[in-house]
Amino acid sequence: MLLNWTVMILYNYFSAMFVGPGYVPLGWTPEKSQDCMYLQYCKVCQSYKAPRSHHCRKCNRCVMKMDHHCPWINNCCGYQNHASFTLFLLLAPLGCIHASFIFVMTMYTQLYNRISFGWSSVKIDMSAAKRDPRPIIPFGLSAFAASLFALGLALGTTIAVGMLFIIQMKVILTNKTSIESWIEEKAKDRIQYYQTGETFIFPYDTGSKWKNFKQVFTWSGIPEGDGLDWPVRDGCHQYTLTIEQLKQKADKRVRSVRYQAIEDYSGVWCPVTKGVKTFFTTPCTEEPRIALSKGDLILATRGLKHWMYGEKILDSAADGGIRERGWFPRKCVEKCQYDSETDQPVDGEKKNR
């Protein structure tokens with residue numbers, strides 16, 4: 001049984017790794033040219049981003065139905081390998097639970113013959129068995145330590161990977177991805193902030209958990225659809241989510257604040273010269289850092305207490321040009337002062353967007 005767990009775990013693990021998530025074809029455009037206005041354009045892939053697809057910096061491609069980039073499989077989890085990845089997250093804890101049971105029973109049967117209970121203490125003799133002078137499995141101190149260490153690894157893997165499996169099943173049963181769940185939360189925040197009165201309905205949730213489940217898990221192992229066109233619920237259309245993404249992108253530009261660099265920053269992850277707090281509070285994320293030179297302009301979109309995230313506007317770029325995005329220390333920049341009132345949006349204009 002333990003060998004069966006191992007074979008199934010490795011099969012799904014390597015399937016998720018080598019099958020891959022599926023990529024949007026280079027140069028892809030929608031069938032109807034007028035639909036391009038609802039989609040974002042990827043300058044790297046030289047194509048439009050299909051519904052539910054996102055560009056991965058690590059894979060350097062637009063991934064169909066991208067959930068996240070997993071460093072453990074060195075690939076993205078998406079349209080084609082979502083089922084294999086989720087099965088791996090299920091089978092790994094089950095195999096570790098079986099292994100934990102074996103470790104516990106082994107240590108129990110071996111220690112049973114080596115433990116003596118006195119009036120004031122409990123003594124363990126690891127040299128030999130007192131009741132059975134010829135144990136079937138030699139079990140010395142080193143074997144006991146190795147079994148205890150392996151038991152800890154098995155229980156830790158069960159908890160950690162099991163939590164990831166629960167998270168994945170939650171998004172699968174609602175026919176979402178981790179990125180789409182985040183987009184839905186931002187949609188609610190945007191509507192509440194601007195008080196538009198609109199209601200955002202996630203278009204791909206069929207309303208049935210079983211139907212959502214079958215879109216990922218099939219008997220053939222091949223997910224439904226082609227990864228580009230998706231069935232939507234009543235009251236929505238194919239570009240409901242992409243239109244919301246465009247609104248959030250425009251809102252992001254409105255909320256961004258312009259800063260100017262007052263110190264040089266090399267782009268290292270843990271800068272020593274920027275203070276102890278900056279060094280120890282570096283963001284725990286794979287997002288890049290951007291190097292700054294004194295005088296650079298940055299559009300900050302979010303931030304922590306000692307770090308900020310934004311886009312550096314290059315000197316050679318006009319509006320909508322190429323920008324470098326990443327984290328940088330907050331103490332290296334200062335907020336720009338506007339030259340006139342027209343440079344800064346007033347509250348009434350901002351609320352009406």
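The following legends describe close-up views of a predicted model.

**Figure 1. Confidence along the chain of the predicted model.** The chain has a mean pLDDT of 84, and 85% of its residues reach 70 or more. Residues 317-321 form a stretch where pLDDT stays under 50, and the model shows three contacts for this stretch beyond four places in sequence. A further stretch, residues 344-353, has a pLDDT below 50, with 11 contacts in the model beyond near neighbours in sequence.

**Figure 2. The largest nonpolar core, which has 25 residues.** The members that touch the most other members of this core are Val24, Trp28, Cys56, Met66, Cys76, Leu228 and Leu241. At least two residues of the core come from strand 4 (61-63), and at least two from helix 4 (178-194). Helix 4 is the element that gives the most to this core, contributing four residues. Apart from this core lies another, of 21 residues, which includes Ala83, Phe88, Ala92 and Phe217.

**Figure 3. The surroundings of Cys76, a member of the largest nonpolar core.** Leaving aside residues up to four places away in sequence, Cys76 touches Cys56, Cys59 and Cys70, among others. Its contacts also include His68 and His69, together with Pro21, Val63, Met66 and Asn81. Two of these partners, Cys56 and Met66, are listed with Cys76 among the core residues that touch the most other members.

**Figure 4. Ser47 and its contacts.** Ser47 lies in strand 2, which spans residues 47-48. Ser47 has a relative accessible area of 1% and therefore counts as buried, the cut-off being under 20%. Beyond residues up to four places away in sequence, Ser47 touches Pro25, Leu26, Gly27 and Trp28, as well as Tyr41 and Cys42. Of these partners, Trp28 also belongs to the largest nonpolar core.

**Figure 5. The largest pocket, with a volume of about 2,300 Å³.** The pocket is lined by 45 residues, of which Lys49, Arg57, Lys252, Tyr309 and Arg325 are the closest to its centre. By class, the lining comprises 19 charged, 13 polar and 13 nonpolar residues.

**Figure 6. Helices and strands in the lining of the largest pocket.** Helix 4 and helix 6 (240-255) each supply at least two lining residues. Strand 1 (41-42), strand 3 (54-56) and strand 5 (68-70) also supply at least two each, as do strand 10 (297-303), strand 11 (307-313) and strand 12 (323-329). Helix 6 gives the most to the lining, with seven residues.

Terms used. Residues are numbered from 1 along each chain as its sequence is written. This is a predicted model: local features need pLDDT of at least 70, side-chain atom pairs count only at pLDDT 80 or more; totals for chains, interfaces and linings use all residues. Side-chain values use heavy atoms; hydrogens and water are left out. A nonpolar core is a set of buried Ala, Val, Leu, Ile, Met, Phe, Trp, Tyr and Cys residues joined through side-chain atoms within 4.5 Å. Buried means under 20% relative accessible area, exposed over 50%, partly exposed in between (1.4 Å probe, protein chains only). Contact means heavy atoms within 4.5 Å. pLDDT is the predictor's confidence in each residue, from 0 to 100. On a 1 Å grid over the protein atoms alone, a cavity is a set of points where a 1.4 Å probe fits but cannot get out, and a pocket is an open set with protein on both sides within 12 Å along at least five of seven lines; lining residues have an atom within 4 Å of a point. Grid points are joined across faces, edges and corners, and a volume is the space filled by probe spheres set on the points. Ala, Val, Leu, Ile, Met, Phe, Trp, Tyr, Cys and Pro count as nonpolar, Asp, Glu, Lys and Arg as charged, and the others, Gly among them, as polar.
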